[in-house]
Amino acid sequence: MANILPIDGGHEVALTMMKDVDSVQNPPSSSSNANKDNSGCFVSVPFTQKLIAEVVGTYLLIFVGCASVLVNENYDKVVTLPGIAMVWGLTVMILVYSLGHISGAHFNPAVSIAFATCNRFSWKHVPAYISAQVLGSTVASATLRLIFNGKQDHFVGTVPAGSDMESFVIEFVITFYLMFVISGVATDNRALFAVPAGVSVLRVGFFAVLGELGLLGPISGASMNPARSLGPAIVSNQYKGIWIYMVSPVLGAVSGAWVYNMVRFTDKTLREITKTASLRSAGSS
């Protein structure tokens with residue numbers, strides 16, 4: 001962000017703080033008939049509610065986070081860089097508490113794609129989630145442009161301050177870190193049992209703060225979120241270096257999710273793990 005942290009200059013962050021992504025995205029139905037009916041209808045009421053939650057959540061995240069950046073630019077740095085980071089982190093936490101149980105609180109295409117690659121989110125839902133996230137970000141950016149116009153209008157997107165490769169590597173590493181942490185606190189029940197759920201939310205929410213205070217925002221914008229960068233770019237028609245924020249966060253998130261899966265402790269043998277993976281793939285096909 002510029003969101004903070006996603007932070008990024010205030011950016012962010014589309015975090016996912018769910019106790020169980022699978023159960024959130026695919027809640028058990030009360031009857032087998034209901035499951036059968038829903039399987040034949042892609043746009044069900046529950047799924048529509050998830051999409052609305054993603055639009056609203058992403059909108060509020062980008063609006064509040066980027067607004068802090070604009071206020072800081074227009075009023076003599078009154079918010080300050082640490083202040084912007086705090087705004088992004090607190091906004092993430094509030095939205096996760098509010099919408100995590102509905103949609104999973106992704107608010108980030110990189111997060112949705114990463115969970116899908118690990119079979120923790122349905123691939124058929126990914127395009128709709130990404131569309132909802134980009135829509136929320138774009139509308140939020142347009143709203144800010146209407147409010148802060150004229151001399152107060154500043155580009156709140158993310159652009160590389162140095163070389164493209166420098167920003168690409170930074171975005172990859174920080175998104176990797178972000179997704180690695182999310183995978184630990186949102187998909188591993190042992191992590192949730194080890195500490196209160198609220199503490200897990202604090203961990204992920206304030207990762208944005210750490211990224212911002214780590215001075216990564218001024219270098220790459222610390223987007224970690226394709227939607228956070230694309231929304232402002234569309235509204236302002238400024239696409240300098242946009243490919244970095246479309247590609248690097250996705251690669252970083254996918255890598256972070258898979259690396260966590262590799263180190264996730266298990267007492268199963270390799271044969272059991274392979275058999276389980278094969279059965280899961282057969283069931284999803």
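This is a short tour of a predicted model, stop by stop. Residues are numbered from 1 along each chain as its sequence is written, and side-chain values use heavy atoms, without hydrogens and water. Local features need pLDDT of at least 70, side-chain atom pairs count only at pLDDT 80 or more, and totals for chains, interfaces and linings use all residues.

**Stop 1: His154.** Select His154. His154 sits in the loop between helix 6 (126–147) and helix 7 (164–187). Helices here are DSSP runs of H or I with at least four residues, strands are runs of E with at least two, and both are numbered from the N terminus.

Is His154 buried, exposed or partly exposed? His154 is partly exposed, because its relative accessible area is 30%. Buried means under 20%, exposed means over 50%, and partly exposed lies in between (1.4 Å probe, protein chains only).

Zoom in on Asn74. Its side chain joins that of His154 through a polar contact of 2.9 Å. A polar contact is a pair of N or O atoms within 3.5 Å; within protein, one must be able to donate a hydrogen and the other to accept it, and residues adjacent in sequence count only if both atoms are side-chain atoms.

**Stop 2: Val247.** Select residues 242–263. This is helix 13, and Val247 lies in it. Over this stretch the chain is 100% helix and 0% strand, with end C-alpha atoms 32 Å apart. Val247 counts as partly exposed, because its relative accessibility is 35%.

Val247 and Glu171 are 76 residues apart in sequence, yet 9.3 Å apart in space, C-alpha to C-alpha.
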